[in-house]
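The following exercises are to be worked through with the sequence and the structure at hand. Each task is followed by a solution in steps.

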Amino acid sequence: MFTSFHEPATEGLRLLYSYDGYKWDSIPGIFLKPGVGTQKIMRDPSIARGKDGTYHLVWTCSWKGDFGFGYSSSKDLKNWSKQEFIPVMAFDTTTVNVWAPEIFYDDAADDFIIVWASTIPFKFEKGIEDEYNNHRLYYTKTKDFKEFTKAEVIYDPGFSSIDAVLLKRADSDYVMVLKDNTRPERNMRVAFAKSATGPYTDLSPKTFTDNFTEGPSVVKVGDEWLIYFDSYQKKTYEAVSTKDFKTFTNINNKISIPEGHKHGTIFMADEKIVNDLLKK
């Protein structure tokens, strides 16, 4: 399944489904209307399933002015818990934003890791971007979504970066796909680590997408990893495949994405869940 939203992000959570990871269809309807945060929007929804079968959802709830993100959970993707606001950056009131929280279940530590981008003006070395657009990637960990570790930087590549997603290839083998958010790049790169929280190193020297791309989501199909992303200047959703995160192949001719789909993440669900949603 693929979480989704449509601009201007005021409607709420949408869902796509696929049986092969390439051809995607919409499940009609809105499954959770945003109700927390200053602007009460839902952008960049991200879902991960826990060992007990609970689906945990996080999302961007404001462009600026919030110190956290939205959270809710569900057993069936239809009935959701009361929405909560998780103020992960409240320790620094100069924080400009909390963007694109991505949720990752770390089975090695039995932790959920949530990664997002925030700007704290004048905290990092001045780069190409304005101080109020100089993002870095942060994370928190939780086991129960009641207690969260203090936010820390998970990776500082030395430039403004957003939209990080984590994946596990094997024991002690993790990959981060992120957006280089500096002008004129604004494209995707990858870094590697031996644990989910880093340290991440070996940043790829070259990008595998065009400029003006963002919101990566990754799924393994067979022996290949598919990386989906939003080519927002062209107003298209695109994808590449890779086996080693060093060589990438354009697979746009193999995929289909419903019109209007925006920055979501891919997760696995039981077929019964999908069928029940389609009946609804």
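A nonpolar core is a set of buried Ala, Val, Leu, Ile, Met, Phe, Trp, Tyr and Cys residues joined through side-chain atoms within 4.5 Å. The model examined here is predicted.

**Exercise 1.** Determine which residues have the most contacts inside the largest nonpolar core, and which elements contribute to this core.

*Solution.*
Step 1. The largest nonpolar core comprises 20 residues, and L15 and L77 have the most contacts inside it.
Step 2. Two or more residues of this core come from each of β2 (14-17), β5 (55-60) and α1 (271-279).
Step 3. Beyond its neighbours within four places in sequence, L77 is in contact with residues including L15, Y55, I273 and L277.
Step 4. A second, separate core has 19 residues, among them F104, Y155, A196 and Y200.

**Exercise 2.** Decide whether S118 is buried or exposed, and describe its polar contacts.

*Solution.*
Step 1. S118 lies in strand β9 (residues 111-118).
Step 2. The relative accessible area of S118 is 0%. Buried means under 20%, and S118 is therefore buried.
Step 3. The side chain of S118 reaches the backbone oxygen of N97 at 2.7 Å. A polar contact of 3.1 Å also joins this side chain to that of W116.

**Exercise 3.** State the strand order of the open sheet of four strands and identify its edges.

*Solution.*
Step 1. The order is β15-β16-β17-β18, with antiparallel pairing.
Step 2. β15 (213-221) and β18 (249-250) each pair on one side only, and these are the edge strands.
Step 3. Seven bridges link β15 with β16 (residues 224-231) in the antiparallel sense, and V221 stands opposite E224 in β16.

Definitions and conventions:
Residues are numbered from 1 along each chain as its sequence is written. This is a predicted model: local features need pLDDT of at least 70, side-chain atom pairs count only at pLDDT 80 or more; totals for chains, interfaces and linings use all residues. Side-chain values use heavy atoms; hydrogens and water are left out. Buried means under 20% relative accessible area, exposed over 50%, partly exposed in between (1.4 Å probe, protein chains only). A polar contact is a pair of N or O atoms within 3.5 Å; within protein, one must be able to donate a hydrogen and the other to accept it, and residues adjacent in sequence count only if both atoms are side-chain atoms. Two strands pair if DSSP finds at least two bridges between them. Contact means heavy atoms within 4.5 Å.
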